[in-house]
Each structure stands twice: as C-alpha cells, then as structure tokens.
Amino acid sequence: PETWSWADQVAAGVAEWDGVRNAAANRNMASMAAGERGFFYHSGKERRIVGVVRVVRPWYPDPSDAGGRFGMVDVAALCTLPAPVSLKAVKAEPALADLALVRQPRLSVMPVPDAAWTVLCSMGGLDPEV
C-alpha cells in the first residue's frame, strides 16, 4: 500500500498495473483477459486482500521496460471486501493450501482457481459473483 493502495485504486477508477518485473508474474498477467476479476492485495506490512478489480485492458507492453520483456494490464476497482482477508487467515484455511499465495507469497500476480475464489470471497464477506 505504500506504493499503490486500494484507496489509490478506488480514487483512480481505472489504472495501469505496471512495474511487474518477475517472469512468472508477467506470464500470469499475460494470461489475463478483459472482464476477468482479481483480488487486490496489500503486500508489505499489511499482507491482506482488500478489494476486487476487473481487467479492462489485457496485457500490453510496459513502456517503462526498455528490454520489452514485461507488460501490464489496466484494471478497474469493483468493490472493497467488507472484511479484509489477511495472509495469516489464508494460510490457516485448509481449503487454500494449494493457493499460490500460500506457496509463493511474494509473487505479485497469480491465478486464483474458482474454488479458492469462492472461499476467499466468503472469508471476506463478499458474494463470489461480484
């Protein structure tokens, strides 16, 4: 949140998700399609899921990457989780043991399987159909 917070995303409405420089995260971002939803996660000291975004522009080259290897997507803020879900709570939920956030918590972009999406929405007090 020190770099880009949920409050920043909400205020912007639609914003570029840029600056990803991890190859695995970049591949995950490149697989995103317009209309797909994702969780907005505060890393750093907070380590919690705080909101939901929707991809409005799929992967395109990140102009700040001089090498041309990395890209970005544009996302729109959809809603705030009524109850943010901490990394500690995610790790404590047996149904989420295989989630990349549990196995690779420093990976900034990762897939969330449908079953995990439903569990996380429930933990956050949100209808999974949002």
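**Surface and overall form**

I looked up the accessible surface of the chain in this predicted model. The surface comes to about 7300 Å², and carbon and sulfur atoms account for 53% of that area. I then checked burial: 37% of the 130 residues count as buried.

Next I took the extents. The C-alpha trace spans about 40 × 30 × 25 Å along its principal axes. I compared the radius of gyration with the globule rule: a compact globule of 130 residues would have a value near 14 Å, and the chain has 14 Å, so the two agree.

**Elements**

I counted five helices and four strands in the chain. Read from the N terminus, their order is α-β-α-β-β-β-α-α-α. For the contacts, I kept pairs at least 6 apart in sequence; 61% of these join residues at least 24 apart.

**Nonpolar core**

Which residues of the largest nonpolar core touch the most other members? I find Phe39, Ile49, Val52, Leu81, Val90, Leu99 and Leu120, out of 31 residues in that core. At least two core residues come from each of helix H2 (23-30), strand S2 (37-42), strand S3 (48-61), strand S4 (71-86), helix H3 (87-92), H4 and H5. I noted the general background as well: nonpolar side chains tend to be buried together in soluble globular proteins.

I listed the contacts of Phe39, leaving out neighbours within four places in sequence. Phe39 is in contact with Ile49, Gly51, Val52, Leu81, Val112, Trp117, Leu120 and Cys121.

**Salt bridges**

I searched for salt bridges and the count came to two. One of them joins the side chains of Asp62 and Arg21, at 3.2 Å from N to O. Asp62 sits in the loop between S3 and S4, and Arg21 in the loop between strand S1 (14-17) and H2, so this pair ties together parts 41 residues apart in sequence. I checked the exposure of both partners. Asp62 counts as buried, at 3% relative accessibility, whereas Arg21 counts as partly exposed at 37%.

Arg48 forms a salt bridge with Glu46, and their closest N and O atoms are 2.8 Å apart. Arg48 is partly exposed at 31% relative accessibility, and Glu46 is partly exposed at 32%.

**Cysteines**

I looked for disulfides and found zero. Cys79 counts as buried at 16% relative accessibility, and Cys121 is buried with a relative accessible area of 0%.

**Ser108**

I placed Ser108 in the loop between helix H4 (100-103) and helix H5 (114-123). Is Ser108 buried or partly exposed? Its relative accessible area is 45%, so Ser108 is partly exposed. Not counting residues up to four places away in sequence, Ser108 touches Trp17, Val20 and Ala25. I also took one C-alpha distance: Ser108 and Met29 are 79 residues apart along the chain, and their C-alpha atoms are separated by 9.5 Å.

Technical notes. Residues numbered from 1 in each chain as written. Predicted model: local features only at pLDDT ≥ 70, side-chain atom pairs only at ≥ 80, totals over all residues. Heavy atoms only, no water. Buried < 20%, exposed > 50% of the residue type's maximum accessible area, 1.4 Å probe, protein only. Contact = heavy atoms within 4.5 Å. Core = buried A, V, L, I, M, F, W, Y, C linked by side-chain atoms within 4.5 Å. Salt bridge = Lys/Arg side-chain N within 4 Å of Asp/Glu carboxyl O. Rg over C-alpha atoms; globule rule 2.2 N^0.38 Å. Areas by Shrake-Rupley, 256 points an atom, 1.4 Å probe, with all protein chains shown as cover. Disulfide = S-S within 2.5 Å.
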